[in-house]
Amino acid sequence: MKRTISILLNLLIFALSLLSWGAMVFAITDGGMLSMPGWRSLRFFTVLSNLFNAGVCLSYAIGRIRGQIFPRLQVWKLMGTAAVGLTFLTVMGFLGPVYGYGGMFLGGNLWLHLLLPVASIFGYLLLDSDTPLPFRKTLWAMAPMLVYAVYYLGNILIQGVGEWPDRHDFYGFLLWGWGPGIIITLALLLVTWLLAVLLWRFGRSRKTKKDFSVSN
């Protein structure tokens, strides 16, 4: 039963992620703050993290169907969950207060900022954390954010901060200057890693308890 629910949930997250992004791309619904129609939507970490997580969920569902969850796939699952988890925490702790929560949870952003990240986190904790991983593998969870940070800050260095509606610092990380902006970026990397550690620790403790109960 657990395997079946895991397969269905991962496939559902995959499908809803694509549908939510599609609604933004084709402007079917009002995407809310920090959203754009067309391929320009790919500039946002929200979109990229959810699409990355969607691909991981599809691969994980296929692995479940085949009965083969390799350690490398489990690492990718942790990376995808931590990436959308960072999206959720950033919206709740930074973007929401700056831009207002109403715009953050409007249209497709409701799914990409809230519902899909929360579903992914609970899915990982309750269904998809049985395969043990070495602690050092949690460091891989920072990779998506690190790659995006290089792109984001590098683009600003090349083109400048810009002005609305063509502001390149659309997340507002440099509102207080480069120093605080770098600190914010490093803080986001740290938060991503700490989130991955919590996911890893919970999965590890659940497996230990499960093995103990079986042995007794």
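Author: Start with L78. Its relative accessibility is 2%, so L78 counts as buried, the cut-off being under 20%. This is a predicted model, so the values are computed from predicted coordinates. L78 sits in helix α3, which covers residues 71-99. What does L78 touch, apart from its neighbours within four places in sequence? The contacts are Y124, L133, T138, A196, L199 and W200. V56 is 22 residues from L78 in sequence, and their C-alpha atoms are 9.4 Å apart.

Now take a helix pair. Two packed helices are described by the angle between their axes and by the distance between those axes. Helix α2 spans residues 45-66, and helix α5 spans residues 108-126. They pack at an angle of about 30 degrees, with axes 11 Å apart. Angles under 35 degrees count as roughly parallel, so α2 and α5 are roughly parallel to each other. Their crossing is left-handed. On the α2 side, the contact is made by T46, V47, N50 and N53. On the α5 side, L112, H113, L116, P117 and S120 take part. These contact residues divide into four nonpolar, five polar and no charged.

Last, the whole chain. It has seven helices and zero strands. The radius of gyration is 18 Å, close to the 17 Å that the globule rule gives for 216 residues, so the chain is as compact as a globular protein of that length. The C-alpha atoms fill a box of roughly 65 × 40 × 25 Å along the principal axes. Of the 216 residues, 47% count as buried. Among contacts between residues at least 6 apart in sequence, 72% join residues at least 24 apart.

Definitions and conventions. Residues numbered from 1 in each chain as written. Predicted model: local features only at pLDDT ≥ 70, side-chain atom pairs only at ≥ 80, totals over all residues. Heavy atoms only, no water. Helix = DSSP H or I, 4+ residues; strand = E, 2+ residues; numbered from the N terminus. Buried < 20%, exposed > 50% of the residue type's maximum accessible area, 1.4 Å probe, protein only. Contact = heavy atoms within 4.5 Å. Axes fitted to C-alpha atoms, helices over the stretch in contact; angles between N-to-C directions. Parallel < 35°, antiparallel > 145°, perpendicular 65-115°, else oblique. Left-handed = near helix turned anticlockwise from the far one by under 90°. Nonpolar A, V, L, I, M, F, W, Y, C, P; charged D, E, K, R; others polar. Rg over C-alpha atoms; globule rule 2.2 N^0.38 Å.
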